[in-house]
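Here's a quick briefing to read with the model open beside you. We'll start at a ligand and its surroundings, then move to a strand and its partners.

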Amino acid sequence: MTNNVTVLKWLEEMKALLTPNQVMWIDGSQEQLDQLRAEGVKTGEMHKLNEEKLPGCYLHRTAPNDVARVEDRTFICTPTKEEAGPTNNWCDPQEMYERLYNIARGSYKGRTMYIIPYSMGPIGSPIAKIGIEITDSIYVVLNMAIMTRVGQKVLDTLGDSTDWVKGLHAKVNVDPENRYICHFPQDNYIISVNSAYGGNVLLGKKCFALRIASYQGWKEGWMAEHMLILGLQNPKGEIKYVAAAFPSACGKTNLAMLIPPKYLRDKGYKIWTVGDDIAWMKIGPDGRLYAINPENGFFGVAPGTNEKSNFNALESTKKNAIFTNVALNLDDNTVWWEGLNDNPPKNALNWRGEKWDYTKYDKANKVQTAGAHPNSRFTAPAQNCPCLSSEFDKGEGVPISAIIFGGRRAKCAPLVYQSKDWVNGVFIGSAMASETTAAAAGAVGVVRRDPMAMLPFCGYNMGDYFKHWLEMGEKLGDKAPKIFNVNWFRTDDDGNFIWPGYGDNMRVLNWIIDRCEGKADATLTPIGYVPHPEDIDLTDLDMSIDTLKSILEVDKSIWQKEAAEIEEHYKKFGDKLPAQLREQLNNLIAEVK
Ligand code: GTP
Ligand code: SPV
Ligand code: MN
């Protein structure tokens with residue numbers, strides 16, 4: 001498959017370490033993938049679903065203790081602790097290599113070593129990069145074949161270059177006590193042991209495209225971000241591109257595939273999806289910021305996805321998809337999850353594969369009682385998406401007009417506001433907070449600071465990461481995208497969401513684009529520019545202007561508390577905190593007094 005000596009040398013080392021029974025190169029051909037699907041069905045790793053209703057689709061269940069990313073077992077292994085910074089777990093690289101090799105040693109015995117050459121980004125794109133993942137899991141191979149571009153063409157493009165990322169995945173015993181997801185940014189190396197779940201093992205995704213790539217971007221002058229990319233088409237047919245960073249399970253896939261309300265569709269508004277989770281952004285020849293989606297599929301949250309909330313995502317899952325940890329309807333051999341529809345299957349298995357009684361469902365205890373795990377997922381080919389952008393495969397990327405930050409904040413942040421300038425936008429991103437979700441193991445619903453939605457994904461010192469953002473702004477100058485913040489999740493006193501969200505978020509996107517084009521006015525508040533309520537179009541919506549005003553409000557007393565919390569959050573970074581951000585915080589404190 002390749003004569004690249006750096007690749008061949010590493011593979012020889014890995015074979016000697018892991019001692020597989022056999023080795024299989026993934027060439028990307030349909031015949032080979034079909035053979036692996038059949039093999040997966042035979043071993044029970046994959047369950048073939050109803051071929052009429054869900055052609056080419058499979059269900060997979062992970063171990064019940066292995067259902068989400070594990071942030072406390074994720075490490076950045078740099079020569080010094082300071083390089084990993086205060087927000088990452090750190091371990092000395094030599095010590096960690098030794099520990100991981102001891103865990104992985106001999107663990108492929110009796111198994112096949114699959115070698116997956118993959119490209120993050122369209123093969124040959126000037127922004128794309130190449131990785132090679134070895135794994136003993138068919139589930140990983142089949143997912144990587146959807147989520148990335150795999151096969152011979154990748155190796156042909158790599159040639160004898162040394163610019164590629166090594167990824168070793170070993171399931172071992174899926175032992176949570178010895179589970180490690182480790183990154184060695186200086187060595188372009190990722191090692192993941194004792195897991196077989198999504199973001200822990202599809203090493204092209206969070207491990208490479210965010211943790212390793214953020215480090216590469218810092219060194220090479222570009223950005224790897226936890227952002228969706230969408231194109232907003234107006235009635236004149238013009239398309240403006242927007243990138244948005246929300247923490248895990250906070251609405252990126254939904255916003256990326258949004259269907260505008262009917263009155264806007266009728267006028268000719270339309271959203272095109274470029275990406276739903278990750279953006280790699282580089283300054284283009286014209287000085288603007290260009291973004292590609294390094295992925296080739298969607299690894300989306302299943303619960304809550306339905307025809308109304310996200311029609312395009314649901315459509316994307318109807319063929320050649322893999323479902324992880326959803327419920328199985330035994331009557332017709334299809335899948336189900338909470339929020340798909342109001343007809344839970346009567347004869348079904350839950351995400352653990354046990355007989356499931358839907359009448360026992362208890363919202364307060366979803367993990368135990370739900371049919372599908374709250375972090376159950378679908379893996380769907382991007383090409384299935386009805387609103388996939390025609391620019392999806394374009395290597396040069398799309399020019400970004402606006403960057404949006406956002407998260408789940410029940411009370412504090414208004415529906416939308418615009419930063420005063422780039423530096424103030426970096427401040428807003430650096431101070432971002434959100435209530436935690438089921439996408440990572442641990443407590444759900446706790447407010448935590450999650451700068452740029454990158455807290456679990458930044459592969460180096462976050463103080464340096466903030467500085468890199470500021471420097472990118474300096475390079476972009478007046479061509480820099482405008483920066484906004486949104487919050488779909490303000491709640492009333494009964495805990496209900498006030499803003500309808502989903503397709504209606506289009507109303508907010510339109511204001512954002514109007515601001516970029518200088519068409520809408522705004523009110524300057526201590527936190528930035530807030531819309532005039534009448535500029536958010538409420539046509540056909542059952543919402544009063546007073547309710548809208550309530551979610552656009554900037555309450556000084558809440559923001560005083562917020563500023564104090566940001567101060568506490570900033571302390572972690574010590575003298576790595578850029579002075580410009582400290583100055584921004586001082587301004588905020590003074591203005592909300
Ligand atoms: P990751 O794949 O983990 O990075 O998640 P994501 O950011 O892509 O989140 P996703 O779009 O899958 O949404 C996660 C959850 O948020 C789902 O349960 C959605 O139903 C819900 N959600 C998405 N958009 C909205 C919205 O506008 N309003 C409300 N109330 N909920 C939303
Ligand atoms: C996230 O948690 O942000 C995801 C899912 O997109 S995973 O790939 O598991 O990280
Ligand atoms: Mn994500």
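A polar contact here is a pair of N or O atoms within 3.5 Å. Keep in mind that this is a predicted model. With that cut-off, Arg 69 makes the list, since one of its polar side-chain atoms sits 2.9 Å from an oxygen atom of ligand 2.

**Polar contacts of ligand 2**
- Lys 206 reaches in with a side-chain N or O atom, 2.4 Å from an oxygen atom of ligand 2.
- Gly 199 uses its backbone instead: a polar atom there is 3.0 Å from an oxygen atom of ligand 2.
- On its own, ligand 2 would expose 290 Å², and the protein buries 98% of that.

**The shell around ligand 2**
- The residues surrounding ligand 2 include Tyr 197, Lys 205, His 226, Ser 248, Asp 277, Phe 299, Arg 377, Ala 439 and Phe 457.
- Sorted by type, the shell has five charged, four nonpolar and three polar residues.

**Strand β29 and its partners**
- Strand β29 covers residues 482–486, and four of its five residues are buried.
- Strand β25 (residues 398–406) pairs with β29 in the parallel sense, over five bridges.
- Ile 404 has Phe 484 of β29 as its bridge partner.
- Strand β26 (residues 416–418) pairs with β29 in the antiparallel sense, over three bridges.
- Val 416 is bridged to Val 486 of β29.

Conventions
Residues numbered from 1 in each chain as written. Chains lettered and ligands numbered in written order. Predicted model: local features only at pLDDT ≥ 70, side-chain atom pairs only at ≥ 80, totals over all residues. Heavy atoms only, no water. Near = heavy atom within 4 Å. Polar contact = N/O pair within 3.5 Å; in protein donor to acceptor, adjacent residues only side chain to side chain. Areas by Shrake-Rupley, 256 points an atom, 1.4 Å probe, with all protein chains shown as cover. Nonpolar A, V, L, I, M, F, W, Y, C, P; charged D, E, K, R; others polar. Buried < 20%, exposed > 50% of the residue type's maximum accessible area, 1.4 Å probe, protein only. Helix = DSSP H or I, 4+ residues; strand = E, 2+ residues; numbered from the N terminus. Pairing = 2+ DSSP bridges.
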